[in-house]
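Please read the numbered points with the structure in view.

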Amino acid sequence: MSTYVYGITAVSHPSLPEGMGGVGDPPRPVRILREGELAAVVSDAPEDLRPKRRELLAHQNVLSEAGAAGCVLPMRFGSVAPDDETVTGVLAERAEHYQERLRALDGRVEYNVKANHVEEAVLHHVMAGNPEIRALAEANRQSGGGSYDDKIRLGEMVAAAVKDREAEDGAALERALAPAADAVSVGPESTGWLANVSYLVKRDAAEDFLAAVEQVRKDMPHLEVRLNGPLPPYSFVEPGPAEPAGATAGGADTGAG
């Protein structure tokens with residue numbers, strides 16, 4: 001039976017979620033594996049596990065329960081190790097790294113901020129800030145729409161200006177929120193957003209961070225800003241220094257495959 005891993009925490013955690021229902025149908029009971037000063041929150045792994053809403057919520061609920069009472073290093077959904085011995089072996093191998101991460105992330109949560117342009121608003125900004133585009137658009141209008149080449153040229157100029165504005169606004173949003181966070185992790189660019197940034201925030205400073213997000217919304221009304229959190233600090237659990245072949249990416253690494 002393979003082992004499903006939810007997260008890693010200190011063995012001194014005051015309220016580990018042992019016995020609660022985890023992933024699977026029926027839900028597999030959550031167990032705790034202990035190794036030295038560390039503990040892994042696990043259950044048996046269902047053979048037919050899929051990223052369905054029910055399973056994602058079960059994974060999240062276990063982490064929320066564990067995270068409510070103490071720091072936990074979250075694993076990404078679907079992290080499965082061959083057996084319990086593999087998990088405890090990695091805990092022993094990377095004990096120093098995990099303990100450092102637990103100390104660094106204690107009392108902190110992650111907020112993810114995604115942003116995109118409101119199309120009409122950004123076009124207004126682009127036209128207002130670029131005399132060459134305005135001149136060509138006006139020339140096309142006065143000539144009944146302009147030639148095919150003129151329309152293509154105008155479209156290319158607008159697209160390039162919007163792309164430049166995406167980069168500027170993404171950087172401005174990141175700069176505006178960074179002072180309210182302890183750390184910043186920028187997501188991959190190919191996600192369809194002009195900004196996809198995760199912030200590590202102290203729990204007792206969450207209101208300040210949320211206020212900073214609201215200020216960004218007021219200052220940059222041409223952006224659609226989406227906030228998700230508080231979340232377990234997925235983006236701030238760095239892989240260990242001796243990552244084995246076949247380990248999963250993201251979250252803490254327990255040698256899951």
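This is a predicted model: local features need pLDDT of at least 70, side-chain atom pairs count only at pLDDT 80 or more; totals for chains, interfaces and linings use all residues.

1. With a relative accessible area of 0%, Phe 209 is buried, since buried means under 20%.

2. One of these contacts is also an aromatic pair. The ring centres of Tyr 199 and Phe 209 lie 5.3 Å apart with the planes at 50°, so the pair is tilted. Distant parts of the chain are linked by this pair: Tyr 199 belongs to strand β8 and Phe 209 to helix α7, 10 residues apart. Tyr 199 likewise counts as buried, at 0% relative accessibility.

3. The largest nonpolar core has 20 residues, and those touching the most other members are Val 113, Leu 173, Leu 177, Tyr 199, Phe 209 and Val 225. At least two residues of this core come from each of β6 (108-117), α6 (148-177), β8 (195-202), α7 (206-219) and β9 (223-231). The greatest contribution is that of α7, with five residues. In soluble globular proteins, nonpolar side chains tend to be buried together.

4. A further core of 19 residues lies apart from the largest one; Val 5, Leu 91, Leu 102 and Leu 200 are among its members.

5. How many aromatic pairs does the structure hold? There are four. Separately, Tyr 4, Tyr 6 and Phe 77 form one aromatic cluster.

Methods: Residues are numbered from 1 along each chain as its sequence is written. Side-chain values use heavy atoms; hydrogens and water are left out. A nonpolar core is a set of buried Ala, Val, Leu, Ile, Met, Phe, Trp, Tyr and Cys residues joined through side-chain atoms within 4.5 Å. Buried means under 20% relative accessible area, exposed over 50%, partly exposed in between (1.4 Å probe, protein chains only). Helices (H or I, at least four residues) and strands (E, at least two) are DSSP runs, numbered from the N terminus. Rings of Phe, Tyr and Trp (its six-membered ring) pair if their centres lie within 6.5 Å; planes under 30 degrees apart count as stacked, over 60 as edge-to-face and the rest as tilted.
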